[in-house]
Amino acid sequence: MILNLLKKAGLAIVSLLVVAIILFWSDIKGLYYFLEESEQHASTLANLNEEQKLALECVICHGDKGDGTSSFYPKLAGLSANYIEKQLHEFRSNERVNLPMRSIANIFNDEEIRTLAEYFAKQTPSKTVHQGVSVDDIAKGELLVQKGACASCHGPDLKGQEGFPRIGGQSALYLQNQLKAFKSGTRIDKTGSMAGMVAQFNEQELAEIAAYLTSL
Ligand code: HEC
Ligand code: HEC
């Protein structure tokens, strides 16, 4: 009698288990994959070196290796280390005003900022392909860039040179915002060059300049 009851209870438990496994199979599988992925993620993280770990804080906006495809966020790949370092210090001290970048730059000490700057400087930027830039604007922008003699500071092909950032191939909307900021005085170039440069152009012309620069 007792044996029979036990048998029945055992059978009931086994059936319940089978039903539970069938019902929750996708969750059980999900948990397995989740655990496996976490393990892989942890081992990928462990394989990253110090500079790559620091740079993880930047990829969400500036793209993998600072070579983003957004027209709003600047590409960091290929900017000089000294320039990147200077900008991060200026974001931190709020001399260059940008709230997200101020909070981010505040997380790092001077040494980490230098490490980040060197990391992004040695990445190679890919060709920028931004939609929404018209061929007509690019052609007009080219003439304006010649008129402004931008290459005299920003280097041949506007790829940058010591003391002057690369502006050729930079993100379109970002460039336009910076040119407007120099014009309105919300971004100050301490060498005094950029304010004078942009003063000669109206907003439409600044957009054309940005269109040409991004196409390089
Ligand atoms: C939440 C988004 C976000 C994250 C994360 C972020 N940035 Fe930025 N970053 C921006 C924006 C927006 C700008 C443009 C600021 C402006 O308009 O002046 C910018 C600008 C910059 C510039 C100036 C580029 C130039 O051409 O002058 C540097 C350098 C920079 N970021 C470095 C970093 C680094 C290094 C990290 C990671 C430690 C990082 N950023 C993380 C949003 C972000
Ligand atoms: C006399 C030298 C000089 C000339 C000429 C010059 N610039 Fe600049 N430009 C600078 C300097 C210096 C900076 C960096 C300012 C800083 O450190 O924040 C700069 C920064 C910039 C930036 C911001 C880049 C970034 O990544 O945020 C843009 C855009 C720019 N210049 C566009 C132009 C254009 C367009 C022209 C021509 C119409 C031009 N510049 C001519 C000196 C010059």
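H8 and H12 are roughly perpendicular to each other, because their packing angle is about 100°. Angles of 65 to 115 degrees count as roughly perpendicular, under 35 as roughly parallel, over 145 as roughly antiparallel, and the rest as oblique. The two axes lie 7 Å apart. Axes here are lines fitted to C-alpha atoms, for helices over the stretch in contact, with angles running from 0 to 180 degrees between N-to-C directions.

Keep in mind that this is a predicted model: local features need pLDDT of at least 70, side-chain atom pairs count only at pLDDT 80 or more, and totals for chains, interfaces and linings use all residues. Residues are numbered from 1 along each chain as its sequence is written, and chains are lettered from A and ligands numbered from 1 in the order in which they are written.

Which residues meet? From H8, they include Asp-137, Lys-140, Glu-142 and Leu-144; from H12, Glu-205, Glu-208, Ile-209 and Tyr-212 are among them. Contact means C-beta atoms, placed from the backbone, within 7 Å. By class, the contact has seven nonpolar, two polar and five charged residues. Nonpolar is Ala, Val, Leu, Ile, Met, Phe, Trp, Tyr, Cys and Pro; charged is Asp, Glu, Lys and Arg; the others, Gly among them, are polar.

Now H12 itself. It covers residues 203-215. Its 13 residues reach 19 Å from first C-alpha to last, close to the 18 Å expected. That expectation is 1.5 Å times one less than the number of residues.

Is H12 mostly covered or mostly open? Mostly covered: ten of its 13 residues are buried. Buried means 20 or more other C-beta atoms within 10 Å of the residue's own; exposed is 12 or fewer, and partly exposed is in between. Those buried residues pack against H8 (135-148), H10 (172-184) and H11 (193-199). Across the protein, buried residues make up 26% of the 216.

Zooming out, there are twelve helices and zero strands. These are DSSP runs, numbered from the N terminus: H or I of at least four residues for helices, E of at least two for strands.

Last, the ligands. Ligand 2 has 22 residues around it, with Gly-148, Cys-150, Cys-153, Asp-189 and Ser-193 closest. Near means a C-beta atom, placed from the backbone, within 6 Å. H8, H9 (151-154), H10 and H11 each give two or more residues to that shell. For ligand 1, the shell has 19 residues, and Cys-58, Cys-61, Pro-74, Gln-87 and Asn-98 come nearest.

Note on methods:
Contact = placed C-beta atoms within 7 Å.
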